[in-house]
Amino acid sequence: MADILNTPSLWVLGALVAYGIAYFVYSKWVDEKIWEVSPDRPTPAHMYMDGVEFFPVSRSVLYGFQFKSVAALGPILGPFVAISYGWLPALLWIIFGNMFIGWVQDYSTIMITVRNEGRSMGPLVYQYVGEKPRSILLGYLLFYLLIISAVFIYLISLFWAVFPGTFLATLTIIVFSVIIGHLLYRLQANIYAVTLLAILAVILAVVIGVKVQGPEKAINERLGDNAQAFWMVVLAVILFIASIAPMPTFITPMNFVSTFPALAGVAILIIGALVSPAVGVTLKQPTYTEFWPKIGPLFPVLFVSIACGAISGWHSLVSTSTTGKQLDVETDARPVGAGAMLTEGMLALSALAAYMVLSPEEVGAKISSFVLGATRLSSSYLGGTAAMWKAFFALFLVIYAITVQTLVTRYWRVFSGEIFTGGLSFLGDKYVATFTGLVIPVLFALSGSWWNLWIYFGGSNQLLAGLALMLVAIIIVRMKKPPTYALAPAVFMTIVTISALIWETYVYAHGVWVYLTTGDASVLQAKPPLSEHPTAAFAMNVVFVIVGIALVVLGLMMTYYLVTALSKARQESG
Amino acid sequence: MPLNRRLRAAGRWIRDFLYGALYHQLYLDSMKYASSYRDFILFMLYSDLLGAPLFSNTLTLRLLPYVLGELYGWKARVLREKDLTDVAPEIG
């Protein structure tokens with residue numbers, strides 16, 4: 001028994017039982033008693049069927065789609081930050097976050113769309129809270145996009161710098177994606193043939209990642225500390241092209257091709273975690289370290305370090321903008337919304353397992369350590385060389401991240417085109433918007449303070465979740481039903497995330513203050529090459545203080561409006 | 001339920017799941033891309049249905065039987081209140 005306890009397997013199985021209770025008991029109760037779902041009530045997919053946005057999709061297809069849409073890099077990278085507190089706090093947060101908050105948000109946001117004529121988040125906020133809060137929400141998303149871009153630009157460039165061969169492997173995928181886009185949309189090639197080509201592209205990319213490392217090694221050695229900055233510029237060029245090119249030529253086929261290694265990687269990780277007792281992979285991380293490690297206090301930082309995987313605000317946008325419009329019958333909302341989220345929790349647990357099997361020295365402060373852990377989990381039961389698995393998982397992460405980033409950069413461009421009007425309309429220009437949407441995050445990423453940015457990212461993402469849950473509570477109150485199941489997590493998430501954002505703003509502000517008073521640049525949150533230029537590092541830290549304040553203020557304003565709308569709804573509903 | 005029917009159902013579920021995870025996004029993106037062009041053409045031809053006559057003539061009436069099935073969805077799509085959160089990418 002002690003041997004099994006010393007592997008990730010039993011913990012993952014325990015979490016599965018907890019998720020089973022959440023799904024078969026808790027979500028069923030909410031489904032039947034609060035929402036009183038009925039298969040006979042028409043959904044927007046039927047009422048407004050247009051074959052483009054609104055059309056009914058079977059529950060298993062929609063479940064697959066929802067899972068693929070919500071399970072991105074968050075659940076994989078978050079545990080890396082959270083493991084600073086030991087694996088047990090991270091494990092408990094993934095389990096309980098999912099059980100009481102994660103699925104609640106994903107499921108409920110699908111339901112509010114279904115019950116409100118297929119409206120997405122913005123129009124729902126407008127309808128139930130007001131015009132100003134909708135503008136605040138959009139402003140908030142603007143900052144969020146900058147931060148998520150910085151996080152992913154840093155990550156991709158780091159992987160290109162740390163794992164030679166990964167850039168050429170990525171380039172292979174990109175070239176094949178362009179070819180596949182051409183085959184699909186110009187030549188209308190058979191989808192099975194294109195699928196085969198996509199799988200071949202991934203295999204070829206892994207082979208290239210293993211065999212052709214020389215040129216990138218030479219570049220990285222020659223550039224030293226500046227290698228990552230160099231890769232950032234290369235990445236920015238790729239993202240610029242992706243953002244301005246028509247969707248079918250780049251982003252759509254890239255998104256399609258990247259799904260194959262992503263799904264394969266996810267499946268390999270989950271199975272690896274479950275079979276760990278049979279193959280002798282053991283836990284090497286401490287169960288618990290301390291309340292206040294270098295990264296910050298367990299409360300609130302732990303709760304924002306694992307965002308997606310426990311609870312993610314972006315899911316509410318996915319649920320309301322797409323999934324809710326394609327739900328065939330109301331009774332499908334639970335398997336699709338709750339089911340996909342709880343499955344994503346499994347992915348987060350498997351990613352955590354990949355860190356649990358590494359020693360603290362192996363993890364260190366290196367985000368790239370995920371590749372090492374995933375390689376250990378996979379090669380233990382699938383065989384194969386470590387080099388091959390390293391190439392695969394490095395590519396898996398980079399392709400995942402670059403796909404997300406192309407979408408984010410393009411979304412920023414569309415966003416800018418809509419919100420910058422009047423005298424600022426030049427900022428909405430296609431090229432200017434793409435340029436600013438890349439330069440600002442690259443500057444953020446150059447600071448090298450990835451951990452701090454991750455807390456901003458997690459905090460702002462999950463604050464969005466808190467706000468979405470509060471919106472759900474308002475709608476439930478208007479339905480004259482008890483809102484506690486959504487309101488309690490909404491209050492918890494709002495308090496936790498605003499605390500985390502304040503904490504992180506303080507970290508930057510403290511550095512700025514000490515630098516101003518003593519001239520000590522070592523307290524600034526920056527890494528080489530930026531840390532070698534104290535004035536630039538100082539300026540960047542000031543910018544981060546401003547970003548932090550903006551996020552906190554916008555979050556507080558949004559909370560104020562939502563609480564006001566909630567009390568108004570309570571009064572009006574008696 | 002007999003075992004072979006259970007297995008068939010499980011097979012169908014896996015097939016649907018994989019379709020949802022691998023191809024549904026591609027389908028949605030393609031439909032949106034195609035509809036952006038189709039919506040524009042329909043707007044040029046039948047904008048009078050929205051109260052903005054731009055190109056109403058006998059040609060639009062001759063084309064009407066070919067696009068009749070699409071007009072309802074098009075009108076609903078164009079008249080629907082749009083928001084930036086409607087086009088939020090699926091990035092988890």
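**A first tour**

Modeller: Let's start at a loop: F291(A) sits between α14 (276–279) and α15 of chain A, helices being DSSP runs of H or I with at least four residues, and strands runs of E with at least two, numbered from the N terminus. This is a predicted model, in which local features need pLDDT of at least 70 and side-chain atom pairs 80 or more, while totals for chains, interfaces and linings use all residues. Residues are numbered from 1 along each chain as its sequence is written, with chains lettered from A and ligands numbered from 1 in the order in which they are written.

Biologist: Does F291(A) count as buried or exposed?

Modeller: A residue is buried if 20 or more other C-beta atoms, placed from the backbone, lie within 10 Å of its own, exposed if 12 or fewer, and partly exposed in between. F291(A) has 11 C-beta neighbours inside 10 Å, so the class is exposed.

Biologist: Which residues does F291(A) touch, not counting those up to four places away in sequence?

Modeller: Contact here means C-beta atoms, placed from the backbone, within 7 Å. By that rule, the partners of F291(A) are P297(A) and L298(A).

Biologist: How are α15(A) and α22(A) oriented to each other?

Modeller: The axes of α15 (298–305) and α22 (450–478) of chain A come within 8 Å and cross at roughly 80 degrees; axes are lines fitted to C-alpha atoms, for helices over the stretch in contact, with angles from 0 to 180 degrees between N-to-C directions. Angles of 65 to 115 degrees count as roughly perpendicular, under 35 as roughly parallel, over 145 as roughly antiparallel and the rest as oblique. Therefore α15(A) is, relative to α22(A), roughly perpendicular.

Biologist: Which helix gives the largest share of the side of chain A that touches chain B?

Modeller: In total, 45 residues of chain A are in contact with 30 residues of chain B. Helices supplying at least two residues each to that side of chain A include α7 (121–128) and α4 (59–70). The largest share, 10 residues, comes from α4(A).

How values were computed. Contact = placed C-beta atoms within 7 Å.
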